[in-house]
Amino acid sequence: MKFGFIMEFICCLLVLISVINVQCCDFDLVSREDWHADPPTDVEKMSNPVPFVIIHHSFMPPACYSAEDCEKSMKKMQEMHQITNGWNDVGYSFAVGGDGRAYEGRGWFNVGAHAPTYNNKSIGICIIGDWRTELPPPQQLSTVLKLINFGVRKGYIAKDYTLHGHRQVRNGTECPGNALLEEISTWEHFSPEAEMYFPPPPK
Ligand SMILES: [Zn+2]
């Protein structure tokens with residue numbers, strides 16, 4: 001009787017642990033394994049929590065709206081960064097698709113290749129698509145915010161982090177596009193002040 005109770009208790013505990021593990025977050029986070037990423041050729045560790053979040057758009061590949069297409073976009077970006085550019089891995093820490101899922105790139109703990117001078121102190125999030133004139137769908141934007149908040153809750157991103165669009169910290173890029181930059185400029189942690197600030201080109 002007592003043994004049965006203990007077994008039942010252990011069983012419940014195991015179920016609970018597995019549920020917590022699977023439901024890490026209030027959004028779908030697709031692991032590298034799940035989108036069939038190739039391994040990185042090298043990894044450089046970052047120290048967390050990081051003080052910055054940098055937002056990008058992919059421009060190319062274009063927006064994707066299904067799990068299948070977004071996984072293809074991840075493969076494409078990794079190929080462009082790793083094979084064409086000769087980098088260690090896909091450059092971004094994470095990417096978010098129009099399917100509303102977040103895809104693990106270099107992740108929370110490894111230095112990215114997305115914004116020189118900020119790579120070792122930021123999480124770089126690519127919002128897959130070309131957002132110069134159009135906005136990403138609401139589920140894509142809300143996943144970006146959930147991903148950032150998850151990173152803050154876990155202590156990977158500083159509570160008082162600063163959010164910038166890529167163009168604010170690098171000359172000569174339109175990224176993350178006028179429409180998206182305007183959108184993120186309304187987000188709580190956005191700062192117009194950056195080490196280098198390049199105002200949006202006139203519309
Ligand atoms: Zn960018």
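These legends walk you through close-up views of a predicted model. Local features need pLDDT of at least 70 and side-chain atom pairs count only at pLDDT 80 or more, while totals for chains, interfaces and linings use all residues. Residues are numbered from 1 along each chain as its sequence is written, and side-chain values use heavy atoms, leaving out hydrogens and water.

**View A. His164 in strand E6.** His164 sits in strand E6 (residues 157-165); strands are DSSP runs of at least two E residues and helices of at least four H or I, numbered from the N terminus. With a relative accessible area of 1%, His164 is buried (buried is under 20%, exposed over 50%, partly exposed in between; 1.4 Å probe, protein chains only). The His164 side chain comes to 3.2 Å from the backbone oxygen of Glu193. Leaving aside residues up to four places away in sequence, the residues that His164 touches include Phe52, Tyr118, Ile184 and Ala194 (contact: heavy atoms within 4.5 Å).

View B. Lys72 and Glu68 pair at 3.9 Å, N to O (a salt bridge puts a side-chain nitrogen of Lys or Arg within 4 Å of a carboxyl oxygen of Asp or Glu). Both belong to helix H2 (residues 67-84), 4 residues apart, about one turn of the helix. Lys72 is exposed at 51%, and Glu68 is exposed at 55%.

**View C. The Arg101 and Asp99 pair.** Here the closest N and O atoms of the salt bridge are 3.1 Å apart. Arg101 is buried at 18%, as is Asp99 at 19%.

**View D. The Asp130 and Arg132 pair.** This salt bridge spans 2.9 Å, N to O. Asp130 is partly exposed at 25%, and Arg132 is partly exposed at 33%.

Notes: A polar contact is a pair of N or O atoms within 3.5 Å; within protein, one must be able to donate a hydrogen and the other to accept it, and residues adjacent in sequence count only if both atoms are side-chain atoms.
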